[in-house]
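Please walk through the structure shown below, one region at a time.

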Amino acid sequence: MNALHPDHTLDPRPVTPQWVTDAVFYQIFPDRFARSGRVRGLNLQEWGDTPHFNRYMGGDLWGVAAKLDYIQSLGVNAIYFCPVFQSASNHRYHTHDYYQVDPMLGGNEALRHLIDEAHARGMRVVLDGVFNHASRGFFQFNDLLEQGEASAYRDWFHVDGWPLHPYDDARPANYAAWWGNRALPKFNTDNRAVRAFLWDVAEHWIRFGVDGWRLDVPNEIDDDSFWQEFRRRVKAINPDAYIVGEIWGDAHRWLQGDQFDAVMNYHFTRPCLAFFGAHTLDHPMNERSGTGRVDAMDAAAFAQRMTEVTRMYHPDVVRVQLNLLDSHDTARFLTAVGGDHSAFRLATVFQMTYVGTPCIYYGDEVGLPGGPDPDCRRAFPWDEGAWNQETLALTRKLTAARHATPALQRGDFHVTHAQGEQLVYARRHASGTALIGLNTGREDAHLPFTGVTPGDYRDVLTGRTVHLTGDTPLSVPARGALVLVPLG
C-alpha cells in the first residue's frame with residue numbers, strides 16, 4: 001500500500017450520521033450576524049450598511065452565543081459557520097492561521113464558549129474547512145515571499161517560476177491560485193507535509209469539539225486518497241462527525257461511503273427557484289449569481305426532477321443531504337424570485353417537508369433580501385420591526401412539525417398529483433404518513449388527496465383537524481399550502 005495514496009475499500013453501504021437526518025441547520029456568515037460589543041478598537045462599518053468586499057461589520061462568535069435563544073426558537077439544532085479562522089478578509093476564505101479563530105471573532109476562547117453553550121442546548125456546530133488554498137498571509141506562503149527559492153516551504157505550493165508576484169497584476173503570479181486569484185495560493189496536496197498539516201487541522205478542531213466539516217471547493221483537491229484519509233482521521237475521533245462537501249454538480253465520486261457524508265444540495269435549490277418562483281424569476285439576477293440561469297418549471301417537471309433527486313444517491317446519503325434555498329455564494333432566494341415573499345414561503349414549506357436536511361441561511365426567516373456577493377451577506381436586522389413576521393411564524397411552525405413528525409424527517413417521498421401549478425406528495429413512514437399540498441397558482445384550487453389512509457390529520461399551518469376518507473379533494477388557497485400530519 002502506498003502511504004501517500006492509501007488503498008481504501010469502499011463501504012458497501014455509506015454510513016452517515018443519524019443526527020443529521022433529524023437536524024435543521026442554520027448557516028451563519030460570522031461578520032454579519034451579531035456584534036457582542038466585546039471586541040473593540042476596530043474600524044467597522046455601521047451595522048446594516050451596504051456590504052462591501054473589503055470592509056467589516058464586526059459580527060463575532062460572542063454575539064452568536066448571545067443569540068442562541070433566538071436561533072433555537074427557529075427550531076434549529078445545528079449551526080454551519082462560514083470560515084472562522086484568522087484571515088485578512090471579512091469572509092475569511094483567505095486563511096492566515098488554521099489553528100486560531102480570528103481575534104475579530106473573539107478568538108479560540110469565543111469558539112470554546114459558543115460550542116459549550118450550543119452543546120448544552122443539544123445543538124451541533126459545523127465549521128467551514130478551506131483546504132484547497134490558503135492566503136498570501138499564510139505563514140508558509142509568506143516564507144516563500146521572503147526567501148524565494150530558498151524557502152523551506154517552496155514545495156507546499158505550485159510554483160511556476162521566480163520571482164513571485166502576489167500583488168502586481170501586470171506581471172505573472174508564477175504560482176497556482178484558486179481560479180487565478182493570486183490572493184489564494186493553492187496548496188500542493190501531493191506534498192506529504194501539506195497533507196499531514198491539513199489532516200492535523202481537521203483532527204485538531206474535531207478534538208476541540210466541533211461536530212463536522214463543510215468542505216470548501218473540495219473537488220479542486222482532485223485526489224480521492226486525500227479525502228479518504230481525511231474521513232478516516234475525522235471519523236476515528238468522532239464517528240458521528242458530519243462531512244459535507246461543496247459540490248455543485250454530480251457528486252457520486254465523493255458519496256460512495258469513503259469520503260463525504262453528503263454535499264450542499266444545489267440540485268435541490270435550482271428546481272425550487274424554477275417552480276416556486278416561476279411567476280417572478282429575476283433572470284439577470286440569477287445569471288449573475290452562483291445558481292446561473294433558471295427557467296420556470298411546472299408542477300409535473302418539478303415533481304419529476306425532485307423524485308430524481310431523491311434517487312440520485314444511496315438513500316442514507318439522500319437523508320443527510322444539505323438542502324438549501326440559497327447561501328453566501330448565491331443571491332438570496334427572495335431576491336432571485338423578484339421579492340416574491342409567497343414564493344419563498346412556498347419553497348420553505350417544501351424544504352421543511354422534503355427528504356434531506358434543511359438549512360436556513362441566516363436572515364431568510366425574517367425576509368432579509370440580497371443579490372449576489374457581497375449583497376447576499378448583509379448584516380442581520382435585529383430591529384424586529386423590520387422582520388417579516390409571517391415568514392418567521394411559518395418557519396417556526398414547519399420546523400416544530402418536522403421535529404415532531406418522523407414521516408417528515410425519515411419518510412419516503414412519493415408524488416401523488418402534479419399538474420399545472422398544483423403539487424401533492426406524501427412522506428410515508430411506518431409511524432404514519434404526512435401529506436403536503438402546494439398551490440403555486442394565483443387562484444384557490446381543490447387538490448386531490450387520493451389513495452391515502454383514511455383518518456384525522458392536523459394541518460400544521462392552521463392547527464385545524466382535517467378528516468380524510470381516502471379520496472378527498474381539499475381546498476388550498478392561492479399561493480398556499482396544506483401540511484397534514486397524523487393526529488396522535
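Is proline 372 buried or exposed? Proline 372 is buried, with a relative accessible area of 19%. Buried means under 20% relative accessible area, exposed means over 50%, and partly exposed is in between, using a 1.4 Å probe and protein chains only. This is a predicted model, in which local features need pLDDT of at least 70, side-chain atom pairs count only at pLDDT 80 or more, and totals for chains, interfaces and linings use all residues. Residues are numbered from 1 along each chain as its sequence is written, and side-chain values use heavy atoms, with hydrogens and water left out.

Proline 372 sits in the loop between strand S10 (357-361) and helix H14 (389-404). Helices (H or I, at least four residues) and strands (E, at least two) are DSSP runs, numbered from the N terminus. Apart from neighbours within four places in sequence, proline 372 is in contact with Met285, Arg288, Ser289 and Ala331; contact means heavy atoms within 4.5 Å.

A cis peptide bond joins aspartate 373 and proline 374, with omega about 10 degrees. Another cis bond runs from tryptophan 162 to proline 163, with omega near -5 degrees. Proline 163 belongs to the loop between helix H5 (139-147) and helix H6 (192-208). Most residues other than glycine have a negative phi, and most peptide bonds are trans.

Two residues have a positive phi without being glycine. Arginine 92 has a phi near 65 degrees and lies in the loop between strand S3 (85-87) and strand S4 (95-101). Arginine 92 is buried, with a relative accessible area of 0%. For asparagine 174, phi is about 70 degrees. Asparagine 174 is in the loop between H5 and H6, and asparagine 174 is buried as well, at 18% relative accessible area.

Leaving aside neighbours within four places in sequence, glycine 48 is in contact with Met57 and Ala379. Glycine 48 and alanine 379 are 331 residues apart in sequence, yet their C-alpha atoms are 5.0 Å apart in space.

Next comes the interior. In soluble globular proteins, nonpolar side chains tend to be buried together. A nonpolar core is a set of buried Ala, Val, Leu, Ile, Met, Phe, Trp, Tyr and Cys residues joined through side-chain atoms within 4.5 Å. The largest such core here has 143 residues, and those with the most contacts inside it are Phe25, Tyr26, Ile71, Trp213 and Phe350. H6 gives the most to this core, with nine residues. A second, separate core of 14 residues includes Ala426, Leu435, Phe449 and Val466. Isoleucine 71, when neighbours within four places in sequence are left aside, is in contact with Tyr26, Ile28, Phe33, Val64, Val76, Ile79 and Met123.

Helices can also be considered in pairs. Two packed helices are described by the angle between their axes and the distance between the axes. H6 and helix H7 (residues 224-237) pack at an angle of about 25 degrees, with axes 9 Å apart. Axes are lines fitted to C-alpha atoms, for helices over the stretch in contact, and angles run from 0 to 180 degrees between N-to-C directions. H6 is therefore roughly parallel to H7; angles under 35 degrees count as roughly parallel, over 145 as roughly antiparallel, 65 to 115 as roughly perpendicular and the rest as oblique. Among the residues making the contact are Leu198, Trp199 and Ile206 of H6 and Phe226, Phe230 and Val234 of H7.

Helix H8 (residues 266-276) is mostly covered, with 10 of its 11 residues buried. Among these buried residues are Phe268, Cys272 and Phe276. Phe268, Cys272 and Phe276 meet Ala343, Leu346, Ala347, Phe350 and Gln351 in helix H13. The axes of H8 and H13 (residues 341-353) come within 10 Å and cross at roughly 135 degrees, and H8 and H13 are therefore oblique to each other.
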